[in-house]
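Hi everyone, thanks for coming. Let me put the structure on the screen, and then we'll walk through a helix pair and the cavities.

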Amino acid sequence: MSGNFFAGKAYADTSTDSDIYEKIDDYLRTCTERAHIPALTATIADSDEILFANAYGDCESCDTPFVLGSVSKSFTAVCIMRLAEQGLINLNDSISVYLPDAADGDRITVSQLLNHTGGLGEHQTLENYHIINEQGVHCYANVNYSLLGKIIEQITGMSFDEYVTAEIIGPLGLINTAASYEKSIQNGLIDGHTDYWGIPVKSSPKYPASDSAWITVPAGYMSSSANDLARYLQMYLRGGEGIVSPQSVDTMFYENTVFVDGEVPYWYGYGWATIREPLSEPVLRHSGLVETGTSCVFIIPGKQLAVALTANVNDYFVANEMMDSLGWGVILMLLGEEPNIISPDAYILEHLKIDLIMLAVFAAALIPLFFIPGYKKHVGQQRYISAAVSTFIINIALPVFILLIVPIFFRTPLWVAAAFVPDVFITVAVSSSLLFIGGVIKAVIFIECIIKRDRS
């Protein structure tokens, strides 16, 4: 879908109940506790001022920076639009114009990188990217924005950090926003947390060690605070505020959008997605996820309101879903509707289900070890065929199946699971190893019995 699908331009007047922010504060405080989020910040702004800002849990200041994850992509998209306005880049050019050595560079345009329609793969990096999907169809891939970061550096002769700081961070006065690990730490970057079987464990953000990381800084590792995010989002509400033109803002939001048919359908543009149904009015959104935290930003164009939330935990199956739910809960409240409810026992019950599944997998790998004495007796009775078949099923086929659960059923490589769902990865790795070890022990017993038989 392309073009502006609102009745008018997206800069209207704000009208909210006088006590709405008190209700939102109570809602966020309750949800943060029920979702077991260690620290969360939230901010709401219109084009003139910050209307609401608060920190919850172990965060005491809305000036504390969090890693943004893929919310960083909108910053990168703004950089590209600025360069396009200056005539330094043409969005319809193939990327080989700017990156001559780019793989399949003659077949992918800058615009396709921006809206993820160039055909690159979800788990590719700058080391191995190439077209593997149908072009023109949205396939979200971090490598698209890693390449955009490289284009920015190639055109400007500056690092991405230097350019985004000089052209966006500095002019907007974002004092707690950074595009490097060193600056993020200097700004007081909050510690993150990673979930292990329902327990958030404090861990440092895993900033990309090289440009070939799966998530690079332009794709997902900028950091910012609640107050800075409010100021950044005001730039859009003010029509680009001189950083980019109002036309470029509309281009990012409404032009060259691609329809994505999911559980909740949306249109993805340049670093922003638009959700229409089942909302009473369209909302622009982007979320972010890294190994140690999540974030989400929203713009309600018809009300000229912007919302940002950041959290310092990655709990992929439970708290992350709750973070998404409470983010939409705030939007629903601003739209005059009832928010999503997180029940008091939801966190424990959901983790209990998941932990029981992982415990069952671990038990399925551990129990066969206790039957090895019986296996030895079985082989000793020269029941070789049944012993070989059972060994193949239990100690070869089953561990291979366990190892393939994540790649096949969740379409995620194990190396991604190790970073983002470490408890699942540990369960899979340990369980498979136990089964393989049991198979090795059985093979030794089998061979010893055959040798003993031949000698007798």
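Let's start with helix 12 (residues 372-380) and helix 15 (residues 422-455), which pack at an angle of about 25 degrees with their axes 10 Å apart. Before going on: this is a predicted model, where local features need pLDDT of at least 70 and side-chain atom pairs count only at pLDDT 80 or more, while totals for chains, interfaces and linings use all residues. Residues are numbered from 1 along each chain as its sequence is written, and side-chain values use heavy atoms, leaving out hydrogens and water.

Helices here are DSSP runs of H or I with at least four residues, numbered from the N terminus. Axes are lines fitted to C-alpha atoms over the stretch in contact, with angles from 0 to 180 degrees between N-to-C directions. Angles under 35 degrees count as roughly parallel, so helix 12 and helix 15 are roughly parallel to each other.

Who touches whom? With contact meaning heavy atoms within 4.5 Å, Ile372, Tyr375, Lys376, Val379 and Gly380 in helix 12 meet Ile441, Lys442, Ile445, Phe446 and Cys449 in helix 15.

Now, the cavities: sets of points on a 1 Å grid over the protein atoms alone, where a 1.4 Å probe fits but cannot get out, with lining residues having an atom within 4 Å of a point. The whole structure has 2 of 30 Å³ or more, volume being the space filled by probe spheres set on the points. The largest has a volume of about 70 Å³, and helix 11 (346-370) and helix 15 each supply at least two residues of its lining. Helix 11 gives the most, with 4 residues.

Definitions and conventions. Angles under 35 degrees count as roughly parallel, over 145 as roughly antiparallel, 65 to 115 as roughly perpendicular and the rest as oblique. On a 1 Å grid over the protein atoms alone, a cavity is a set of points where a 1.4 Å probe fits but cannot get out, and a pocket is an open set with protein on both sides within 12 Å along at least five of seven lines; lining residues have an atom within 4 Å of a point.
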